[in-house]
Amino acid sequence: MGFDFSGKVAIVTGAGGGLGRSHALALAARGARVVVNDPGTSVSGAPDDAGPAAQVVAEIERLGGEALVDRCDVTDAEGVRNMVATAVETWGRVDILINNAGILRDRTFAKMDLADFRRVVDVHLWGAVHCTKAVWPHMVAQGYGRVLMTSSASGIYGNFGQSNYGAAKSALVGLTNVLAIEGERKGIRVNALAPTAATRMTDGLLDEEAVARLGPETISPGAVFLVSEQAPNGVILGAGAGVFAVSRMQEGRPVFLPEEERTAETIAARWDEISDLSVAHTLSSAFDQTKLYVELADRASAVVQP
């Protein structure tokens with residue numbers, strides 16, 4: 001059976017074009033009522049056009065769906081609270097939040113103005129924080145919620161000239177990991193999408209053949225799954241050109257060094273063993289790592305006791 005979002009209310013930020021528009025249309029096509037958020041700015045975040053969000057709402061309505069325009073800037077916490085309040089007043093609930101709003105101000109770190117660094121982090125990270133904080137109490141009260149962060153391979157693996165963007169996108173992975181833990185018992189699942197798409201943000205960076213393969217519509221099925229009732233929790237899903245793959249943080253087999261060998265030189269000498277990921281494992285939380293390390297140290301100490 002296909003996913004049915006009838007009765008569900010979704011907020012999609014940055015939904016006036018590109019990925020956000022594609023996500024909003026995909027959810028509406030499956031019955032969701034959608035708040036289409038977009039302030040109508042350019043890729044760099046400058047004032048641009050008030051029309052994109054309204055055009056997406058019109059598309060949804062032509063297809064028989066329900067949608068609302070919201071033009072708040074996600075860096076404006078009060079504006080975000082008002083957006084969520086409007087959704088709740090209109091439709092009674094908020095079930096889904098897709099944090100998709102973003103801008104680019106690429107430059108090498110040496111040449112980057114710190115104001116541009118801060119602005120990118122504000123939009124991507126703080127925008128997601130504002131929106132998630134605003135919907136969280138509603139999701140807790142109803143015992144159900146789906147939150148999707150939009151990360152990036154730039155945040156997971158790095159990319160030249162994107163220190164601001166990569167830092168923000170990496171921070172969203174950390175936010176996803178923590179909120180997935182905190183929300184699980186409350187019926188809230190939090191995941192991250194790491195898309196590779198041809199949008200306004202990649203204009204001039206890709207050849208025509210790549211652009212043809214990397215349309216936003218090749219990614220939105222992943223977003224739909226990650227905000228569905230059957231969504232996993234705490235997952236990073238890479239998506240692009242119809243290809244989907246899970247990324248995860250892993251740790252190699254821990255190597256205990258007794259106190260007399262606990263030096264930088266020993267670490268260097270045993271680096272091949274310490275950096276060996278052929279027996280990698282995953283951890284469910286930072287505290288699980290702490291417990292594991294203490295247990296290994298205790299075991300090693302017990303072995304050397306007379």
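Predicted model: local features only at pLDDT ≥ 70, side-chain atom pairs only at ≥ 80, totals over all residues.

Biologist: Fine. So is phenylalanine 109 buried or exposed?

Modeller: Phenylalanine 109 has 59% relative accessibility, so it counts as exposed.

Biologist: And which residue does phenylalanine 109 form an aromatic pair with?

Modeller: With phenylalanine 117, in an edge-to-face pair with 75° between the planes and 6.3 Å centre to centre. Phenylalanine 117 is at 19%, so that one counts as buried.

Biologist: How many aromatic pairs are there by this rule?

Modeller: Two. Phenylalanine 3 and phenylalanine 225 also pair, with centres 6.3 Å apart and planes at 35°, so that pair is tilted. It links distant parts of the chain, 222 residues apart: phenylalanine 3 lies in the segment before β1, phenylalanine 225 in helix α8.

Biologist: What charged end sits over the ring of tyrosine 144?

Modeller: That of lysine 8, 5.1 Å from the ring centre.

Biologist: OK, helices. At what angle do α4 and α6 cross?

Modeller: Roughly 20°, with the axes coming within 8 Å. Angles under 35 degrees count as roughly parallel, and α4 and α6 are therefore roughly parallel to each other. Their crossing is right-handed.

Biologist: Which residues make the contact?

Modeller: On α4 they include Phe117, Val121, Leu125 and Trp136, and on α6 they include Tyr165, Ala168, Leu172 and Leu179.

Technical notes: Residues numbered from 1 in each chain as written. Heavy atoms only, no water. Phe/Tyr/Trp six-rings, centres within 6.5 Å; stacked < 30°, edge-to-face > 60°. Helix = DSSP H or I, 4+ residues; strand = E, 2+ residues; numbered from the N terminus. Buried < 20%, exposed > 50% of the residue type's maximum accessible area, 1.4 Å probe, protein only. Lys NZ or Arg CZ within 6 Å of the ring centre and 35° of its normal. Axes fitted to C-alpha atoms, helices over the stretch in contact; angles between N-to-C directions. Parallel < 35°, antiparallel > 145°, perpendicular 65-115°, else oblique. Left-handed = near helix turned anticlockwise from the far one by under 90°. Contact = heavy atoms within 4.5 Å.
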